[in-house]
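Here is a short report on one protein model. Look at the sequence and the fold before you read on.

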Amino acid sequence: METLRCTIKDIVSKLINKEIGAIFQGKMELGPRALGNRSIIADPRMEDGKDKVNEVKNREWYRPFACSILEERSHDWFEMGRLKSSPFMSYAIPVKEDKWKKIPAVIHVDGTCRLQTVNRDQNPLYYDLINEFYNQTSIPLILNTSFNLAGQPMVFNPAKAIEVFLDSKLDFVWFPEIEKVVV
(Lines give C-alpha, C1' and ligand atoms only; values in the text may rest on other atoms or scores of the structure.)
Protein backbone atom coordinates (compact mmCIF):
# COMPACT_ATOMS: atom_id res chain seq x y z
CA MET A 1 0.00 0.00 0.00
CA GLU A 2 1.31 3.41 -0.98
CA THR A 3 -0.11 6.93 -0.59
CA LEU A 4 0.45 9.46 -3.38
CA ARG A 5 -0.60 13.01 -4.14
CA CYS A 6 -3.03 13.17 -7.03
CA THR A 7 -5.36 15.40 -8.99
CA ILE A 8 -8.64 14.84 -10.81
CA LYS A 9 -6.64 14.37 -14.01
CA ASP A 10 -4.64 11.60 -12.33
CA ILE A 11 -7.84 9.81 -11.29
CA VAL A 12 -9.30 10.11 -14.80
CA SER A 13 -6.08 8.63 -16.20
CA LYS A 14 -6.50 5.66 -13.85
CA LEU A 15 -10.10 5.15 -14.99
CA ILE A 16 -9.10 5.38 -18.65
CA ASN A 17 -6.42 2.75 -17.94
CA LYS A 18 -9.22 0.42 -16.74
CA GLU A 19 -8.42 0.75 -13.06
CA ILE A 20 -11.35 0.42 -10.67
CA GLY A 21 -11.26 2.76 -7.73
CA ALA A 22 -13.24 4.33 -4.96
CA ILE A 23 -13.87 7.88 -3.90
CA PHE A 24 -14.19 8.94 -0.27
CA GLN A 25 -15.13 12.58 0.31
CA GLY A 26 -17.32 14.80 2.46
CA LYS A 27 -20.27 13.57 4.45
CA MET A 28 -21.70 10.11 3.93
CA GLU A 29 -24.87 9.96 1.87
CA LEU A 30 -28.03 8.77 3.53
CA GLY A 31 -30.31 6.36 1.74
CA PRO A 32 -29.90 3.41 -0.60
CA ARG A 33 -27.56 4.97 -3.17
CA ALA A 34 -23.95 6.11 -3.51
CA LEU A 35 -24.06 9.62 -4.93
CA GLY A 36 -20.38 10.46 -5.33
CA ASN A 37 -19.14 10.72 -1.75
CA ARG A 38 -18.78 6.98 -1.04
CA SER A 39 -18.61 5.42 -4.49
CA ILE A 40 -16.75 2.78 -6.43
CA ILE A 41 -16.06 4.24 -9.86
CA ALA A 42 -14.98 2.86 -13.22
CA ASP A 43 -14.86 3.59 -16.93
CA PRO A 44 -18.32 2.79 -18.39
CA ARG A 45 -16.72 1.93 -21.76
CA MET A 46 -15.15 -1.31 -20.48
CA GLU A 47 -16.72 -4.31 -22.21
CA ASP A 48 -16.14 -6.45 -19.12
CA GLY A 49 -16.74 -3.60 -16.68
CA LYS A 50 -19.77 -5.19 -15.01
CA ASP A 51 -17.88 -8.43 -14.42
CA LYS A 52 -14.79 -6.67 -13.07
CA VAL A 53 -16.71 -4.43 -10.67
CA ASN A 54 -18.90 -7.33 -9.51
CA GLU A 55 -15.68 -9.23 -8.82
CA VAL A 56 -14.31 -6.27 -6.82
CA LYS A 57 -17.53 -6.11 -4.78
CA ASN A 58 -17.83 -9.92 -4.44
CA ARG A 59 -21.33 -9.78 -5.97
CA GLU A 60 -23.25 -12.04 -8.31
CA TRP A 61 -22.31 -11.73 -12.01
CA TYR A 62 -25.74 -10.52 -13.11
CA ARG A 63 -25.94 -7.47 -10.82
CA PRO A 64 -26.12 -4.25 -12.88
CA PHE A 65 -24.51 -0.89 -12.20
CA ALA A 66 -25.59 2.70 -12.40
CA CYS A 67 -23.90 5.77 -13.79
CA SER A 68 -23.37 9.36 -12.78
CA ILE A 69 -23.76 11.76 -15.70
CA LEU A 70 -23.31 15.48 -16.20
CA GLU A 71 -26.85 16.80 -15.83
CA GLU A 72 -26.58 18.99 -18.93
CA ARG A 73 -25.65 15.95 -21.08
CA SER A 74 -28.28 13.52 -19.77
CA HIS A 75 -30.81 14.21 -22.56
CA ASP A 76 -28.13 13.46 -25.17
CA TRP A 77 -27.62 9.95 -23.79
CA PHE A 78 -30.94 8.94 -22.20
CA GLU A 79 -34.64 8.99 -23.10
CA MET A 80 -35.44 11.34 -20.24
CA GLY A 81 -38.96 12.26 -21.37
CA ARG A 82 -40.18 15.08 -19.15
CA LEU A 83 -37.55 14.44 -16.49
CA LYS A 84 -35.12 17.34 -16.23
CA SER A 85 -32.85 15.50 -13.83
CA SER A 86 -32.49 12.37 -11.68
CA PRO A 87 -30.16 13.34 -8.82
CA PHE A 88 -30.91 10.36 -6.55
CA MET A 89 -30.65 7.35 -8.91
CA SER A 90 -34.37 6.78 -8.54
CA TYR A 91 -35.16 5.76 -12.12
CA ALA A 92 -33.96 3.21 -14.65
CA ILE A 93 -34.10 5.18 -17.89
CA PRO A 94 -33.70 3.89 -21.46
CA VAL A 95 -30.29 4.58 -22.96
CA LYS A 96 -30.45 6.03 -26.47
CA GLU A 97 -29.78 3.14 -28.82
CA ASP A 98 -26.93 4.88 -30.64
CA LYS A 99 -25.05 5.09 -27.29
CA TRP A 100 -25.32 1.42 -26.26
CA LYS A 101 -21.96 0.30 -27.63
CA LYS A 102 -20.20 3.29 -26.06
CA ILE A 103 -21.08 2.49 -22.42
CA PRO A 104 -21.60 -1.28 -22.06
CA ALA A 105 -20.60 -1.45 -18.39
CA VAL A 106 -23.68 0.49 -17.24
CA ILE A 107 -26.43 -0.78 -19.55
CA HIS A 108 -28.88 -3.32 -18.14
CA VAL A 109 -30.12 -6.21 -20.29
CA ASP A 110 -33.29 -4.23 -21.08
CA GLY A 111 -31.35 -1.25 -22.49
CA THR A 112 -31.86 0.95 -19.43
CA CYS A 113 -29.55 2.41 -16.83
CA ARG A 114 -30.28 3.73 -13.37
CA LEU A 115 -28.69 7.12 -13.50
CA GLN A 116 -27.71 9.99 -11.29
CA THR A 117 -27.57 13.40 -12.90
CA VAL A 118 -24.89 15.59 -11.34
CA ASN A 119 -24.61 19.35 -11.48
CA ARG A 120 -21.89 21.55 -10.07
CA ASP A 121 -24.06 22.92 -7.25
CA GLN A 122 -24.88 19.44 -5.90
CA ASN A 123 -21.36 18.06 -5.73
CA PRO A 124 -18.63 20.27 -7.25
CA LEU A 125 -15.75 17.83 -6.95
CA TYR A 126 -17.67 14.85 -8.32
CA TYR A 127 -18.99 17.02 -11.14
CA ASP A 128 -15.43 18.11 -11.97
CA LEU A 129 -14.30 14.47 -12.03
CA ILE A 130 -17.05 13.48 -14.47
CA ASN A 131 -16.43 16.61 -16.55
CA GLU A 132 -12.71 15.83 -16.81
CA PHE A 133 -13.57 12.27 -17.88
CA TYR A 134 -15.85 13.81 -20.52
CA ASN A 135 -13.09 16.19 -21.68
CA GLN A 136 -10.70 13.29 -22.16
CA THR A 137 -13.08 10.67 -23.59
CA SER A 138 -16.20 12.45 -24.96
CA ILE A 139 -18.24 10.29 -22.55
CA PRO A 140 -20.07 12.48 -19.98
CA LEU A 141 -20.60 9.74 -17.40
CA ILE A 142 -18.83 7.22 -15.19
CA LEU A 143 -19.89 3.92 -13.64
CA ASN A 144 -20.90 4.42 -10.01
CA THR A 145 -21.82 1.96 -7.30
CA SER A 146 -21.75 2.07 -3.53
CA PHE A 147 -18.39 1.87 -1.76
CA ASN A 148 -18.88 -1.41 0.07
CA LEU A 149 -18.46 -5.11 -0.47
CA ALA A 150 -21.36 -7.54 -0.78
CA GLY A 151 -23.34 -7.82 2.44
CA GLN A 152 -21.46 -5.01 4.17
CA PRO A 153 -22.60 -1.47 4.98
CA MET A 154 -21.29 1.51 3.03
CA VAL A 155 -17.84 2.71 4.04
CA PHE A 156 -18.28 5.29 6.80
CA ASN A 157 -14.78 6.50 7.71
CA PRO A 158 -11.27 6.60 6.22
CA ALA A 159 -10.09 3.57 8.22
CA LYS A 160 -12.95 1.47 6.83
CA ALA A 161 -12.15 2.78 3.32
CA ILE A 162 -8.59 1.46 3.66
CA GLU A 163 -9.85 -1.83 5.12
CA VAL A 164 -12.21 -2.39 2.17
CA PHE A 165 -9.40 -1.45 -0.23
CA LEU A 166 -7.12 -4.06 1.34
CA ASP A 167 -9.87 -6.72 1.38
CA SER A 168 -10.90 -6.21 -2.25
CA LYS A 169 -9.47 -5.98 -5.73
CA LEU A 170 -9.83 -2.20 -5.89
CA ASP A 171 -6.91 -0.54 -7.65
CA PHE A 172 -7.09 2.68 -5.65
CA VAL A 173 -8.99 4.75 -3.09
CA TRP A 174 -9.09 8.48 -3.68
CA PHE A 175 -9.36 11.00 -0.85
CA PRO A 176 -9.81 14.21 -2.89
CA GLU A 177 -10.11 16.59 0.05
CA ILE A 178 -6.50 15.85 0.99
CA GLU A 179 -5.44 15.26 -2.64
CA LYS A 180 -4.24 11.74 -1.85
CA VAL A 181 -4.75 8.37 -3.46
CA VAL A 182 -3.96 5.00 -1.89
CA VAL A 183 -2.72 2.40 -4.34
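Is Met89 buried or exposed? Met89 has 2% relative accessibility, so Met89 counts as buried. Buried means under 20% relative accessible area, exposed means over 50%, and partly exposed lies in between (1.4 Å probe, protein chains only).

The model is predicted, so local features need pLDDT of at least 70 and side-chain atom pairs count only at pLDDT 80 or more, while totals for chains, interfaces and linings use all residues. Residues are numbered from 1 along each chain as its sequence is written, and side-chain values use heavy atoms, with hydrogens and water left out.

**Two loop residues with positive phi**

Met89 sits in the loop between helix H3 (74-77) and strand S5 (92-94). Helices (H or I, at least four residues) and strands (E, at least two) are DSSP runs, numbered from the N terminus. The phi of Met89 is near 55°, a positive value in a residue other than glycine. Ser138 also has a positive phi, near 70°, and is not glycine either. Ser138 belongs to the loop between H4 and strand S7 (141-146). Ser138 has 52% relative accessibility and therefore counts as exposed.

**Gln116 and its partners**

Gln116 is part of strand S6 (residues 112-118). With a relative accessible area of 4%, Gln116 is buried. Gln116 touches several residues beyond four places away in sequence, including Met89, Ser68, Tyr126 and Asn144. Touching, or contact, means heavy atoms within 4.5 Å.

Two of the side chains that Gln116 meets also make polar contacts with its own: Ser68 and Asn144. A polar contact is a pair of N or O atoms within 3.5 Å; within protein, one must be able to donate a hydrogen and the other to accept it, and residues adjacent in sequence count only if both atoms are side-chain atoms.

| Residue | Partner | Distance |
|---|---|---|
| Gln116 | Ser68 | 2.7 Å |
| Gln116 | Asn144 | 3.5 Å |
| Asn119 | Glu71 | 3.4 Å |
| Ser39 | Asn144 | 2.9 Å |

Asn119 lies in the loop between S6 and H4. At 18% relative accessibility, Asn119 is counted as buried. Leaving aside neighbours within four places in sequence, Asn119 is in contact with Glu71 and Tyr127.

Ser39 lies in strand S3 (residues 38-42). Its relative accessibility is 0%, so Ser39 is buried. Which residues does Ser39 touch, not counting residues up to four places away in sequence? They are Gly21, Ala22, Ile23, Ala34, Asn144, Thr145 and Phe147. Ser39 and Thr145 are 106 residues apart in sequence, yet 5.5 Å apart in space, C-alpha to C-alpha.

**How H1 meets H4**

Two packed helices are described by the angle between their axes and the distance between the axes. The axes of helix H1 (residues 8-16) and helix H4 (residues 124-137) come within 9 Å and cross at roughly 55°. Axes are lines fitted to C-alpha atoms, for helices over the stretch in contact, and angles run from 0 to 180 degrees between N-to-C directions. H1 and H4 are therefore oblique to each other. Angles under 35 degrees count as roughly parallel, over 145 as roughly antiparallel, 65 to 115 as roughly perpendicular and the rest as oblique.

On the H1 side, the residues in contact are Ile8, Lys9, Ile11, Val12, Leu15 and Ile16. They meet Leu125, Asp128, Leu129, Glu132, Phe133, Gln136 and Thr137 in H4.
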